[in-house]
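Here are my notes on the structure you asked me to look over. Have it open while you read.

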Amino acid sequence: MQESRLFKIVYHLLDQGQATAPELAEKFEVSVRTIYRDIDALSGAGVPVYAEAGRNGGIRLMKDFVLDRVVLSEEEKQEILTALQSIRTAQDGNNSQILQKLSAIFRTESENWLEVDFSRWGDQGSDNEKFKLLKSAVIHCREVRIRYAGSNEVTDERIVQPCKLVYKSKAWYLKAFCTKRQDWRVFKLNRILDLELLEKNFIHRDCPEPTDAAEWAYREIVLRFPKEMAYRVYDEFDQEQIQRQGDGALIVSARMPEDAWLINSLLSFGTQVDVLSPVDLKEVLAEHAKLIYEKNKT
């Protein structure tokens, strides 16, 4: 606990320039005496922190101080190394060098227990390259031209201003401002068929975060799956949305948009899913199944 507070004190001083002991005591919810003990501990650890008396005085760090390993606990050092190690598969050569340098600074070896690969099975690295290019676009505020396969069965070309890469529900997404729609959009990386990093820069702005109200605008969908489908049900839905019945069957209750993606997802279960409600969704699913039958019957 103390090591965590010491780091936060140093970070606060780096960010604000200076602070009084009472200000730090109030911020970290400890006594002024504890703050002075923390300052002594930092000084003893080699951090150049000092206090100035007077009207404009306060606790400061020496000019040009750079945060180094002395204020990080062993656990925090390992977490930093693990975070870098986990993204080495993004094919960025700098990561390996940074990892080596930090390991030397921290005098800590990172255990090779975690691997993140952005590519799909059978992919020859194009997914990793796609991720690397979009990461560069986000960091350097560069526009990107993409060819995107939408859920409305239309593939079109757009120019977007990437804001953030997001991993959710077993897939990567790009949050970006679409210059064609003049609005924020979320693009699934797997559906970005082609992309080109453009020379044009844009001014960064924070993308809006989703609200719970958007989810509650959807109707509740109730589905029933036999116990044999448990492995897929737990892949697709959160455990809190699933109720296991006495016979092993699973009842799923979730609020989801009733779009083409949902219909195709439910059809992929074949005869192993029953739509309990809403009734009109059950009818839509049956109509799609009938069309598939009519198209493929001999």
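The points below go from the whole chain to a helix, a sheet and the cysteines.

1. **The whole chain.** First, a caution: this is a predicted model. The protein chain has ten helices and twelve strands. Of its 298 residues, 34% are buried. If you take the contacts with a separation of 6 or more, 56% of them join residues 24 or more positions apart.

2. **Helix α3, its length.** This helix takes in residues 32–44, 13 residues in total. From first C-alpha to last it reaches 18 Å, close to the 18 Å you'd expect at 1.5 Å a residue. Just after α3 comes G46, which has a positive phi of about 100°.

3. Which residues of α3 are buried? They are T34, I35, D38, I39 and L42. These five sit on the same side of α3 because they cover an arc of only 145° around the axis.

4. **A four-stranded sheet.** Have a look at the open sheet with the strand order β10-β11-β9-β12, where the pairing is antiparallel. Its edges are β10 (242–244) and β12 (274–277). Each of these has a single partner strand, so one side of each is left without a neighbour in the sheet. From one strand to the next, the twist averages 25°.

5. How many bridges join β9 to β11? There are six, between residues 220–225 of β9 and residues 250–255 of β11, and the two strands run antiparallel.

6. **Cysteines.** If you were hoping for disulfides, the model holds zero. Take C141: its nearest cysteine sulfur belongs to C163 and is 9.0 Å away. For a disulfide, the two sulfur atoms would have to be within 2.5 Å, so C141 is in no disulfide. Is C141 buried or exposed? With a relative accessible area of 15%, C141 is buried, as the cut-off for that is under 20%. C178 also counts as buried, at 0% relative accessibility.

Definitions and conventions
Residues numbered from 1 in each chain as written. Predicted model: local features only at pLDDT ≥ 70, side-chain atom pairs only at ≥ 80, totals over all residues. Heavy atoms only, no water. Expected span 1.5 Å × (residues − 1). Buried < 20%, exposed > 50% of the residue type's maximum accessible area, 1.4 Å probe, protein only. Arc of directions from axis to C-beta. Pairing = 2+ DSSP bridges. Axes fitted to C-alpha atoms, helices over the stretch in contact; angles between N-to-C directions. Contact = heavy atoms within 4.5 Å.
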